[in-house]
Amino acid sequence: MKIATFNINGIKARINALLEWLDEAQPDVALLQEIKSVDENFPHEPFEERGYNVATHGQKSFNGVAILSKLPLEDVTRGLPGDDSDEQARWIEATVVGKQAIRICGLYLPNGNPVPGPKYDYKLAWMERLKTRAEALLAAEEPALMAGDYNIIPQAEDAKRPEAWTKDALFLPESRAAYRRILNLGFTEAFRARSQAAGQYSFWDYQANAYGRDDGIRIDHILLTPQAADLLIDCRIDAEIRGRDKPSDHVPVWVELDA
DNA sequence: ATGACAATCAGAGATTGA
């Protein structure tokens, strides 16, 4: 089963590029972030005619996550638990059943800039809630994954110019420590389980020809429970689509699982 | 230190992103 995560930076602006990639990559499941759409305006037809079931958790203008799946989506839940007053659409999960059931969580972790400030406080608080959900997933002792735009640069080798990010919410020690606390509960970060190569990025800014200079960062991640990690066959980044017309600033990251 | 670039909503320019 091929499961991908892709921050599309707006479904309306990205529909053609997304469909082109879906037709080529043929993921069984695609977790989308930054759909920037309310649920009612998210297109279903182009995905359904390709055999995908669609579940969305959107809001007006910003954020928003979705799941496309060729397998039926079961037990869909929306919103990260732990704060009923949080109205930002950044979390969706569902179960898909292939050879076995997998719980699949899609997330769009807050950016957190500028630092310091309320947005950074929100990021850290959101990560604490994520840790709580992650602990519950591990306690279930079943195949599960949490994939999406983490807005975290885990290590210096995950940035072309780490020195440019030292005061940024994506790379501050406190941000990275919060990410490691989740990882260290017992998750496997799929890409690093397959490759120790530096210079592998999933985001390039639109500005200053960042992609042309390969001035990127790796901030889109797939975390596997031990039971899912046992099924890991491959993990790759579809970096080349960043060079196409009307690209997102992120590219897809995917895992192949024996499931 | 600022702005560069893109998307959204709205119908100009502010806001958000990373």
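Reader: I'm new to this one, so what comes after α3, and is the phi there positive or negative?
Author: In this predicted model, α3 is followed by E141, and the phi of E141 is positive, near 55 degrees.

Reader: Which residues of α3 are buried?
Author: The buried ones are K123, W126, M127, L130, A134 and L137. Because they cover an arc of only 110 degrees around the axis, they are on the same side of α3.

Reader: What covers them, and which exposed residues does the face turned away carry?
Author: The cover over the buried residues of α3 includes β7 (101-108), β8 (144-149) and α4 (173-183), whereas the face turned away from that buried side carries the exposed residues P118, E135, A136 and A139.

Reader: Switching to the sheet, in what order do the strands come?
Author: It is an open sheet of six strands in the order β5-β6-β7-β8-β12-β9, and the pairing is mixed. At the edges stand β5 (74-78) and β9 (188-189), each with a single partner strand, so one side of each has no neighbour in the sheet.

Reader: How is β9 joined to β12?
Author: Two bridges join β9 to β12 (residues 220-224), and the two strands run antiparallel; T188 stands opposite L224 in β12.

Reader: Last topic, what surrounds DNA strand B?
Author: DNA strand B is surrounded by 22 residues, of which the closest are G10, K12, N111, Y206 and Q207. By class, the surface near DNA strand B has eight nonpolar, eight polar and six charged residues.

Technical notes: Residues numbered from 1 in each chain as written. Chains lettered and ligands numbered in written order. Predicted model: local features only at pLDDT ≥ 70, side-chain atom pairs only at ≥ 80, totals over all residues. Buried ≥ 20, exposed ≤ 12 C-beta atoms within 10 Å, placed from the backbone. Helix = DSSP H or I, 4+ residues; strand = E, 2+ residues; numbered from the N terminus. Arc of directions from axis to C-beta. Contact = placed C-beta atoms within 7 Å. Near = placed C-beta within 6 Å. Nonpolar A, V, L, I, M, F, W, Y, C, P; charged D, E, K, R; others polar. Pairing = 2+ DSSP bridges.
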